[in-house]
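Please take a moment with the sequence and the structure shown here, and then follow the paragraphs below from one part of the chain to the next.

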Amino acid sequence: MYPRTLRRLAAALALGAVLPAGARAQDGLQHQTIAELHTFVSAAADSSVLNPGNAAELGGVTTALRLYPAAELRRGLFKVRADARFAAPLLNAEGSRGSAELQEGYVGVALGDAAYLAAGRQRLGWGTGFIWNPTRIDAEKDPLRTSSRLRGIDAVRLEYAFGGATLNLLAAAPDVLRAESSRDLLYAARLETRVAGVATSLSAVNPGRADWRMGWDFSAAADRFTVYGEGTLRGASALSVVDAAGTTVQRGEGARVLGAHHDVVLGTLLSVSARWSGLVEYQYRSDAWSGAEYRRFVDGLPRSGRLYDALGPGRHRVFGMVKMAGGEGAWGVALKGFADPVSGTWLLSPSFETAGTRFRAEVSPQIFLDRDAVSPYRARTQVIVSAFF
């Protein structure tokens, strides 16, 4: 479990279709719908070497409407949960179409007091990282909230509690429509426990296969201070490399992968008072770009920019945030920042949010700073207005 302070901060900053907490153990039907109006105002960087002269015609104002209905039904030992995402472009979204997606939909049954079985699309929530989650096997987190919510993974999961520990076993299909045999499935196990007051877990994915992965995470909390971390050791990588000609190549498209790769996240959360809090999170990815690879990428622009990572392609990345909340959570201001020292990329985002019983509004300007003028954007502002039903 996340430490209480980390859960509180995550709930204040990330929005999802969460059913009323106190009602989850009761029989009956619970439901909620969130309607979000997303407006993006962006200014292109004319000096960008990735998009010289704004050849891609970026920038302007776009607006989209998103609906997130969710429902949960409990009857005795059984639970059924479903939530979906519907999106419709409203303004200046040429070429964009409406979309619909089932983000979570599963049936669960309690097998006595210690075991639980669930089948269907479900969010697993592995890991302790606030921004980066290398141990996750379902959707990646969305640190800039361009999509707001995560799609679960199609899986059969068995959870068993014993002696202060919890064991999760699952078989999953990351792309269930294309799975043709058991070789297309993903097998994983996760053991959660607490040692000397530190919550920790170990996980294994696809043992004995080329895309194997071992993971760990931990979190330790005091009254106002939380330290957390996670990491993976993997036999394969999905990141891109930069060849001698300066062209980005997706791994698996002729790029050779040597040895295992590891990914480490370390973070700390400080709750100074009921109003003030701060967070710093660091990530290291051994298979991301080195300084030499990044120079080859820049020298090959714009043709090499096919797989550019806007939040920093380098092996080292840092996220920091300072937040002040007021009025018993009715409003809050924050300053968030991403930094990649390898590429010299910075993203600064001051934000303001206000919330009531049935609504929430957030304004998040984003300022892009990068040493080599790579970013196609100079600035971007995101406005999200939400209503709860």
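**A guided reading of the model**

The chain has an average pLDDT of 83, and 84% of the residues score at least 70, where pLDDT is the predictor's confidence in each residue, from 0 to 100. Over residues 1-24 pLDDT stays under 50, and for this stretch the model has 65 contacts beyond four places in sequence, a contact being heavy atoms within 4.5 Å. The model is predicted, and local features need pLDDT of at least 70, side-chain atom pairs count only at pLDDT 80 or more, while totals for chains, interfaces and linings use all residues. Residues are numbered from 1 along each chain as its sequence is written, and side-chain values use heavy atoms, with hydrogens and water left out.

A place to begin is glutamine 283, which belongs to strand E15 (residues 276-285); helices (H or I, at least four residues) and strands (E, at least two) are DSSP runs, numbered from the N terminus. Glutamine 283 has a relative accessible area of 4% and is therefore buried, given that buried means under 20% relative accessible area, exposed over 50% and partly exposed in between (1.4 Å probe, protein chains only). Its side chain makes polar contacts with the side chain of aspartate 263 at 3.3 Å and with the side chain of arginine 317 at 2.8 Å. A polar contact is a pair of N or O atoms within 3.5 Å; within protein, one must be able to donate a hydrogen and the other to accept it, and residues adjacent in sequence count only if both atoms are side-chain atoms. Although glutamine 283 and aspartate 263 are 20 residues apart along the chain, their C-alpha atoms are separated by 7.2 Å.

Turning to the aromatic rings, those of Phe, Tyr and Trp (its six-membered ring) pair if their centres lie within 6.5 Å, and planes under 30 degrees apart count as stacked, over 60 as edge-to-face and the rest as tilted. By this rule there are seven aromatic pairs. In one of them, tryptophan 216 and phenylalanine 218 are stacked, at 5.9 Å centre to centre with 10 degrees between the planes. The pair of tryptophan 289 and phenylalanine 297 is tilted, because the ring centres are 4.8 Å apart and the planes stand at 45 degrees; both of these residues are buried.

Finally, serine 375 is found in the loop between strand E19 (359-370) and strand E20 (377-388), and its relative accessibility is 8%, so serine 375 counts as buried.
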